[in-house]
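Reader: I am new to this structure. Could you take me through the terms used for it?

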Amino acid sequence: MSSVEIANMGSRVTRLIRNFNVENRAHREISKTKPKTAPRHPSSSGFPQEDIAATSISEEVQQRNDPLLSMLKDVYVESKDPVSQAEAVPVVKKVEQKMQRRALKYSIPGDPYGFCDVTDVPKGRLSLVEALTALNNHKRLPKTWTPEKLAQEYSLDPKDAKALTDFFFPFDVKIIPPKTEETKQIKDS
């Protein structure tokens, strides 16, 4: 037997069990006596004075109050939507962004990941390759590649360049020697 035939047999069995005596079960449920609802009482506290106060308040709310209606008719509200600043600003920003771009300093040789079409980035931004290069330069020669020089070289804000050098580090491999000489070590080849 194939797995399809076994699945068909399983679905037939479950259908038989599900549909077994459906009509009798339905009639039995319908013919059951329904539970009666609890009787409604005037209030939960049982004091008739509160019932009278509650009914008088509800009647007062339902009545029309002509003086209030006439005052409401005198009210006139005029509303105008303000000119949204979000519509005007992006046009200016787009023009500024197009003008304030710089060419890439470093890029990946060849086209390994489809980044060849990126030729420039907005000022104040770095590509991934540029960021790694800048961090590596700062790590190797921190006195030469200061945050101020990185900011000038890559058109960054000095605060951003300082944060970049403080909080991000390029990948570094550290080999920790074993404490005992019995442990096997990988030798440099």
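Author: Start with contact: it means heavy atoms within 4.5 Å. In the protein chain, residues 24 or more positions apart account for 39% of the contacts with a separation of 6 or more. This is a predicted model, where local features need pLDDT of at least 70, side-chain atom pairs count only at pLDDT 80 or more, and totals for chains, interfaces and linings use all residues. Residues are numbered from 1 along each chain as its sequence is written, and side-chain values use heavy atoms, with hydrogens and water left out.

Reader: What makes a helix or a strand here, and how many does the protein chain have?

Author: Both are DSSP runs, numbered from the N terminus: helices are H or I with at least four residues, strands are E with at least two. The protein chain has 8 helices and 2 strands. From the N terminus on, the order is α-α-α-α-α-β-β-α-α-α.

Reader: Why are α7 and α8 called oblique to each other?

Author: Take the angle. Helix α7 (residues 147-154) and helix α8 (residues 158-167) pack at about 120 degrees, with axes 8 Å apart. Axes are lines fitted to C-alpha atoms, for helices over the stretch in contact, and angles run from 0 to 180 degrees between N-to-C directions. Under 35 degrees is roughly parallel, over 145 roughly antiparallel, 65 to 115 roughly perpendicular, and the rest oblique. α7 and α8 are therefore oblique.

Reader: Which residues of α7 and α8 meet?

Author: P147, L150 and A151 in α7 meet P158, A161, K162 and T165 in α8. These residues divide into 5 nonpolar, 1 polar and 1 charged. Ala, Val, Leu, Ile, Met, Phe, Trp, Tyr, Cys and Pro count as nonpolar, Asp, Glu, Lys and Arg as charged, and the others, Gly among them, as polar.

Reader: How do you know whether L135 is buried or exposed?

Author: Compare its relative accessible area with the cut-offs. Buried means under 20%, exposed over 50%, partly exposed in between (1.4 Å probe, protein chains only). L135 has 8%, so L135 is buried. L135 is found in helix α6 (residues 128-140). L135 touches L164, T165, F168 and P170, not counting residues up to four places away in sequence. Of the 189 residues of the protein chain, 11% count as buried.

Reader: What makes a nonpolar core, and which residues form the largest?

Author: A nonpolar core is a set of buried Ala, Val, Leu, Ile, Met, Phe, Trp, Tyr and Cys residues joined through side-chain atoms within 4.5 Å. The largest has 7 residues: A134, W145, L150, A151, Y154, L156 and A161. α7 gives the most to this core, with 3 residues.
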